[in-house]
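Hi,

Here is the structure I promised to send over. Have a look at it first, and then read on for my notes.

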Amino acid sequence: MSRRGGKKSHKGGRKQFTNPDEIDAQMKREMERQKRREELGSDAEEEEEEALKMRQPNRDFPSSSEESSEESSDDDETKKKKGVSHLIEVENPNRVKSKMKKAKDVDVNAAPTQQLSRREREELQKQQERTRYRQLQMEGKTQEAQGDLARLAIIKKNREEAARKREQEKKAKEAKDRRK
C-alpha cells in the first residue's frame with residue numbers, strides 16, 4: 001500500500017550507527033565551544049556556530065559529489081553575501097528576556113525598580129485597601145464595626161440581666177428552702 005504525501009517509511013533500510021570515537025570528539029568540541037562562549041560572550045556565539053556548521057559535513061562518509069561541494073564551499077566563503085540580512089540585526093521587541101536571579105542577590109526590602117502593570121498595580125491597591133479597612137475595623141471606626149459593637153453591647157446587657165434574674169431566683173429559692 002502506498003502512502004500519500006510523498007512520505008516514505010525507512011523500514012528495512014540501512015541503519016546508521018554513530019562511532020563512539022565520533023561521539024567523544026563531538027563532546028570535546030561542545031566543551032570547547034562552551035568555554036569560548038564564556039570567555040567571549042554572547043556576540044561571538046553566533047559567529048562561532050556558523051563557523052562550526054561550515055566545518056562539519058552532514059554525513060560521516062561523504063560521497064564524491066559532497067567532496068566536490070567541500071572544495072567549492074571555500075569559494076562560497078570568499079563570495080559576497082546577498083541582500084542586507086547580514087548587515088541588520090533584527091531583534092523582537094516583544095520578546096521578554098528572563099534574567100535569572102539568585103535568592104541571595106534579591107533584596108526584599110528594596111523598592112521595585114520595574115514599573116508595575118495596571119493589573120498588578122490595581123491588585124496591590126486592593127490589598128492595601130483591605131488591610132486599611134481591617135485595621136479600621138479592629139479600631140471600631142467603620143460603620144460595620146460600630147454596628148457589630150452595638151449588637152455586642154445589647155447582647156452583653158441582655159446576658160447580664162438574665163444572670164441577675166437567675167441570681168435573684170436562686171436567692172429566693174434558697175430563702176424558701178431555709179424557711180422550711
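How far does helix 4 reach from its first C-alpha to its last, and what span would be expected at 1.5 Å a residue? The helix has 22 residues and reaches 32 Å, close to the 32 Å expected. Bear in mind that this is a predicted model.

Now the overall picture. Buried residues account for 4% of its 180 residues. The accessible surface of the chain is about 18,900 Å², with 48% of that belonging to carbon and sulfur atoms.

Gly140 comes just after the helix and takes a positive phi of about 80°. Lys141 pairs with Glu139 in a salt bridge, with 3.3 Å between the closest N and O atoms. Lys141 counts as exposed because its relative accessibility is 56%, over the 50% cut-off, whereas Glu139, at 44%, is partly exposed.

Then there is Thr142, in the loop between helix 4 and helix 5 (143–179). Its relative accessibility is 8%, which is under 20%, so Thr142 counts as buried. The side chain of Thr142 reaches the backbone nitrogen of Ala145 at 3.1 Å. Leaving aside residues up to four places away in sequence, Thr142 touches Tyr133, Leu136 and Gln137.

Two others are worth a look:

- Glu32 and Arg36 meet through their side chains at 3.7 Å, N to O. Both lie in helix 1 (residues 20–40), four residues apart, or about one turn of the helix. Both are partly exposed, Glu32 at 43% relative accessibility and Arg36 at 29%.
- Arg151 and Asp148 form a salt bridge at 2.8 Å, N to O. These two lie in helix 5, three residues apart, again about one turn. Asp148 is partly exposed, with a relative accessible area of 29%.

Val84, Leu87, Ile88 and Val90 make a nonpolar patch of about 440 Å². Val84 itself lies in the loop between helix 3 (64–78) and helix 4 (118–139).

Cheers

Terms used: Residues numbered from 1 in each chain as written. Predicted model: local features only at pLDDT ≥ 70, side-chain atom pairs only at ≥ 80, totals over all residues. Heavy atoms only, no water. Patch = residues over 30% accessible without salt bridge, like charges linked within 9 Å, V, L, I, M, F, W, Y side chains within 5 Å. Areas by Shrake-Rupley, 256 points an atom, 1.4 Å probe, with all protein chains shown as cover. Salt bridge = Lys/Arg side-chain N within 4 Å of Asp/Glu carboxyl O. Buried < 20%, exposed > 50% of the residue type's maximum accessible area, 1.4 Å probe, protein only. Polar contact = N/O pair within 3.5 Å; in protein donor to acceptor, adjacent residues only side chain to side chain. Contact = heavy atoms within 4.5 Å. Expected span 1.5 Å × (residues − 1).
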